Amino acid sequence: MAQSIPKVTWQWNVVGQNGLESLQFTEKPVPQLGDSQVLFRDIVVTQGKFPWDSKPGVVPGSDGAGIVLAVGKYVTRFQPGDKVITVIYPQLIGGSFTNDKLRYGLGASVDGTLRSVGAFDEQALVSMPEGLTFTEAATLTCAGVTAWNALFGLSGKQVSAGDWVLTQGTGGVSIFALQFAKAVGARVIATTSSSEKAKLLEGLGADHIINYRDTPEWGSVVRELTGGIGVDYVIEVAGPSTMNQSVASVKLDGVIVILGSVGSSSDEKDTPGLINCWMNLFTARGIWVGSRLQMEDMCRAIEANIDKLRPVVDPKIFTLEQAKEAYDYLASGKHQGKVCIDIP
C-alpha cells in the first residue's frame with residue numbers, strides 16, 4: 001500500500017573530518033524525484049565504515065530497508081508500496097569492479113541512508129525478501145552480500161556440502177558466512193573471544209568453536225580438527241593480526257577471502273605476503289561487498305530458507321537521532337550481529 005509523501009526529511013550529514021563530531025543532524029526538504037529514481041522512506045539503517053572517496057556534506061550510511069513512496073516516470077522495477085533494500089554500488093549490476101563503478105558508492109560519493117526519506121536510483125535497490133522485518137533486511141546490503149560473495153563468488157570454487165569453512169568472530173559478515181555455509185551443508189569452525197559469544201555461534205550451528213584469546217596459535221588447532229588437512233575456505237575479516245593463523249589453517253589449494261581489517265592496527269608486523277600463496281598453494285581473494293545480481297541471488301536463498309538464514313540483529317536498537325551513539329556502540333565491539341537504527 002502506497003504511503004503519503006512527507007514534505008521534509010531528517011538526515012545526518014558529514015561536515016568535516018573530525019570523527020563523530022563531523023556528523024550534523026538537520027531538517028531538509030524531501031529531494032525532487034528524478035525520472036529514474038525511487039523515493040523511499042528508510043525504516044532502518046545499519047552502520048559501517050566507508051574508506052573510499054566521499055563528497056562534502058554527504059549523507060552517510062550504505063545499508064537500509066524501507067518502503068517506496070513514489071517513482072519517477074521511467075522507473076520499471078518498483079512501484080509505490082514495494083519493500084526494498086539498498087545496494088552499495090548502483091553501477092555494479094554484475095561482473096567485476098571498474099574504476100568508473102567504484103566512483104558511485106552509497107553513503108560516500110552518493111547520499112546514503114542516514115535520513116528518513118531519500119531518492120535513490122532504481123538500479124540501486126532490490127526487492128526485500130518476504131518474511132524479514134525491515135531491521136533484519138537492512139543488514140543485507142553490506143554484510144549479507146559480502147558473505148555471499150565470499151563463499152560463492154569465485155567461479156569453480158564455490159563452497160559446497162562437506163567443505164570446511166573458518167569464520168572469525170561474531171560480526172555481521174562472519175555470522176552470515178556461518179549461516180550460508182551451514183545452509184549448503186558445509187562444516188564451520190568459528191573463532192571468538194568469549195564464552196558468551198560462543199553460545200551464539202553454537203546456536204547458529206558452528207561445528208567447532210575456538211577461543212582465540214585462550215589459544216593464540218589457533219591455526220594448528222584448525223589443522224587438528226580437519227584431520228591435518230586444513231579448511232577449504234577462510235573468511236578473513238580481522239586483517240594482519242590473524243593472517244598468519246589463517247595461512248596456517250587453509251588447506252592446499254584452499255581459499256582465503258580477505259574482506260576487512262577490523263582487528264588490526266597499523267603497526268602489525270610479519271604479515272604474510274603474496275609469496276605465501278605460492279609456498280602454501282592457496283588462493284588469496286580480496287573482495288568489496290558484491291554485485292546487485294549477487295544480492296538478488298542471496299535474497300532469493302534467504303526467502304526460501306527463512307528459518308535457517310534469518311539475519312542476526314543486536315538487541316540494542318537505536319533511533320535516527322541516536323546515530324552517534326550507534327557508531328560508538330559498534331566501535332565498542334560489544335555487539336553480536338548487526339547494529340541497527342530504526343526510523344519511524
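Is Gly-171 buried, exposed or partly exposed? Gly-171 is partly exposed, at a relative accessible area of 28% (buried is under 20%, exposed over 50% and partly exposed in between, with a 1.4 Å probe and protein chains only). The model is predicted, so to speak of local features takes pLDDT of at least 70 and side-chain atom pairs count only at pLDDT 80 or more, while totals for chains, interfaces and linings use all residues. Residues are numbered from 1 along each chain as its sequence is written, and side-chain values use heavy atoms, with hydrogens and water left out.

**Two loop residues**

- Gly-171 sits in the loop between E8 and helix H4 (172-183); helices (H or I, at least four residues) and strands (E, at least two) are DSSP runs, numbered from the N terminus.
- Along the chain, Gly-171 and Val-262 are 91 residues apart, and their C-alpha atoms are separated by 9.5 Å.
- Thr-139 belongs to the loop between helix H2 (134-137) and helix H3 (143-152).
- With 0% relative accessibility, Thr-139 counts as buried.
- A polar atom of the Thr-139 side chain lies 2.7 Å from the backbone oxygen of Glu-136.

- H3 has 10 of its 10 residues buried, so it is largely enclosed by the rest of the structure.
- The buried residues of H3 include Trp-148, Asn-149, Leu-151 and Phe-152.
- In helix H6 (residues 218-225), the buried residues are Trp-218, Gly-219 and Val-222.
- These three cover an arc of only 110 degrees around the axis, which puts them on the same side of H6 (the arc is that of the directions from the helix axis to the C-beta atoms).
- What do the buried residues of H6 pack against? Their partners are strands E8 (164-168), E9 (187-192), E10 (208-211) and E11 (231-236), along with helix H7 (240-249); contact means heavy atoms within 4.5 Å.
- After H6 comes Gly-227, with a positive phi near 70 degrees.

**Val-250 in strand E12**

- Val-250 is in strand E12 (residues 250-258) and counts as buried at 2% relative accessibility.
- Leaving out residues up to four places away in sequence, Val-250 touches Arg-223, Gly-230, Val-231, Asp-232, Val-234, Val-255, Ile-256 and Phe-282.

**Cavity and pocket**

- There is one cavity of 30 Å³ or more. On a 1 Å grid over the protein atoms alone, a cavity is a set of points where a 1.4 Å probe fits but cannot get out, a pocket is an open set with protein on both sides within 12 Å along at least five of seven lines, and lining residues have an atom within 4 Å of a point.
- The largest cavity has a volume of about 30 Å³, and Val-87, Ile-88, Thr-141, Val-145, Val-289, Gly-290 and Met-295 line it.
- That cavity lining divides into five nonpolar, two polar and no charged residues (Ala, Val, Leu, Ile, Met, Phe, Trp, Tyr, Cys and Pro count as nonpolar, Asp, Glu, Lys and Arg as charged, and the others, Gly among them, as polar).
- The second largest pocket holds about 210 Å³ of space, where a volume is the space filled by probe spheres set on the points.
- Of the 13 residues lining the second largest pocket, Gln-37, Val-110, Ala-119, Phe-120 and Asp-121 lie nearest its centre.
- Strand E6 (residues 117-121) gives the most to this pocket's lining, with three residues.

Notes. A polar contact is a pair of N or O atoms within 3.5 Å; within protein, one must be able to donate a hydrogen and the other to accept it, and residues adjacent in sequence count only if both atoms are side-chain atoms.
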